[in-house]
Amino acid sequence: MRRLAVSILLTALLLSGCGAQMSPDEAQESIQVLAMDTAMLITTYGERSPAAAYACEDAIRDLEKQLSRTDPDSEVSRLNASAGEPVEVGEDLGVLLELAKYYHGSTGGAFNIAVAPVVSAWGFTEDSFQVPSQAELDGLLELVQGPSYIGPRSSGGTICYSLGPGQAIDLGGIAKGYAADKIVKVLQEHDVPRANINLGGNVLAYGDRPDGTPWRVGIQDPARADEQNAFAGVLALTDSFAVTSGGYQRYFEEGGKRYHHIIDPSTGYPADSGLTSVTVVAGLGGGDGFPGTMCDAYSTALFIMGEEQALAFWRDETQRGEQGCPFELVLVTEDGRVVVTPSLADRFTLEETSGYTLEVVPS
Ligand code: AMP
Ligand code: MG
């Protein structure tokens, strides 16, 4: 049975409406977009809010056309079908391939877009779910763990990439974050003072709320994924991305077991790390110019790593960052804890009725 976390979609907006009084004079446009296999909600404010909201939708649809694995005409599909031949790629795919290469290295291989053949073997690409045999997984893992895509190569003024025979890429773990980065540019171009964008678990809290307080972004309780507004806690955010990965967002069940869509590239199996969700939070100025993309890649990778490795990764990155920490974390664990990094302590409120225990990582 397929599950889309439709409940996530309403989270940011619903919360934006509680509590404080909105300015009645501020124009607002809110549109729902079904794209990238998820339900998205775009809410923009200010005089140019309608034009801005529809320009955000255009940006998402334009990216989807290039990056979809199920559209045979997309650039990604052409690359995946190229059987080793170089394929010309446009600027967006070129940038994403380079970013993905970087995140693959920085996460020690946990983030790996070459996991595509394994994602397909589990049926997550075409919604035809099945548990693959170990022999099939062993064969596919050679493609995933082997040398990655080759490029960029310049050929007659165009940029080309190639994959090894049988290899394929899946940008599902990073495309929405990249779309969110592009949306920031659209909002800036339209002089939008504030916006609340939810791309199915990828939230962009742009500016602050009309009453000057931070946006309130709910972290879905993974144990109550079917319930709307069932939160583990709420983040108060301004000019930030908050991107959540969790096994509850997409899964099927067979033989009484649940199999989700985030694949550990070292085993070929859905990650089983003791975490039920990971939220990565970053300001608009972080992530080397791509903070939304970084949050998306790292939420996927840290979910695979598990608590201990994820916090070690966070510590290393904190120490490496020249201008303070580039990102913060909210980890929800299988054993009933919500673990937050110290800078989020005063921006995170545990949902009292959730039953979780809050732990703040020592600084
Ligand atoms: P997210 O919801 O951002 O965590 O991304 C999950 C999606 O990323 C899956 O549905 C797959 O399309 C893809 N994916 C699964 N495992 C990995 C992985 N280890 N590295 C990169 N992408 C992955
Ligand atoms: Mg991701």
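Here is a short briefing on the chain shown above, its magnesium site and a few backbone details.

This is a predicted model, in which local features need pLDDT of at least 70, side-chain atom pairs count only at pLDDT 80 or more, and totals for chains, interfaces and linings use all residues. Residues are numbered from 1 along each chain as its sequence is written, chains are lettered from A and ligands numbered from 1 in the order in which they are written, and side-chain values use heavy atoms, with hydrogens and water left out.

**Overall build**

- You will find 9 helices and 17 strands in the chain; these are DSSP runs numbered from the N terminus, with helices being H or I of at least four residues and strands E of at least two.
- Along the principal axes, the C-alpha atoms fill a box of roughly 60 × 50 × 45 Å.
- Of the contacts in the chain with a separation of 6 or more, 63% join residues 24 or more positions apart; a contact means heavy atoms within 4.5 Å.

**Surface and charge**

- Of the 363 residues, 55% are buried (buried means under 20% relative accessible area, exposed over 50% and partly exposed in between, with a 1.4 Å probe and protein chains only).
- The accessible surface comes to about 15200 Å², with 48% of it belonging to carbon and sulfur atoms. Areas come from the Shrake-Rupley method with a 1.4 Å probe, and for residues only the protein chains shown count as cover.
- There are 23 positive and 50 negative side chains, and the centres of the two sets lie 1 Å apart. Lys and Arg count as positive and Asp and Glu as negative, while His and the chain ends are not counted; each charge is placed at NZ of Lys, CZ of Arg, CG of Asp or CD of Glu.

**The magnesium site**

- G173 (O), D296 (O), D296 (OD) and T300 (OG1) coordinate the magnesium ion (ligand 2) at 2.0 to 2.4 Å. Donors are N, O and S atoms within 2.8 Å of the metal (3.2 Å for Na, K and Ca), and water is not among the atoms, so sites may look incomplete.
- The donor residues follow the spacing G-x122-D-x3-T in sequence. G173 sits in the loop between β5 (158–162) and α7 (175–189) and T300 in helix α8 (residues 291–305), so this pair ties together parts that are 127 residues apart in sequence.
- G173 is buried at 18% relative accessible area, and T300 is buried too, at 14%.

**Around T158**

- T158 belongs to strand β5 and is partly exposed, with 22% relative accessibility.
- Apart from its neighbours within four places in sequence, T158 is in contact with E88 and R153.
- T158 and V144 are 14 residues apart in sequence, yet 27 Å separates their C-alpha atoms.

**Backbone details worth a look**

- Most residues other than glycine have a negative phi, and most peptide bonds are trans.
- The peptide bond from G151 to P152 is cis, with omega near 0°, and P152 lies in strand β4 (residues 150–155).
- M36 has a positive phi, near 50°; M36 is in the loop between β1 (28–35) and β2 (38–45) and is buried at 15% relative accessibility.
- D288 also has a positive phi, near 55°; D288 lies in the loop between β13 (275–283) and α8 and is exposed, at 72% relative accessibility.
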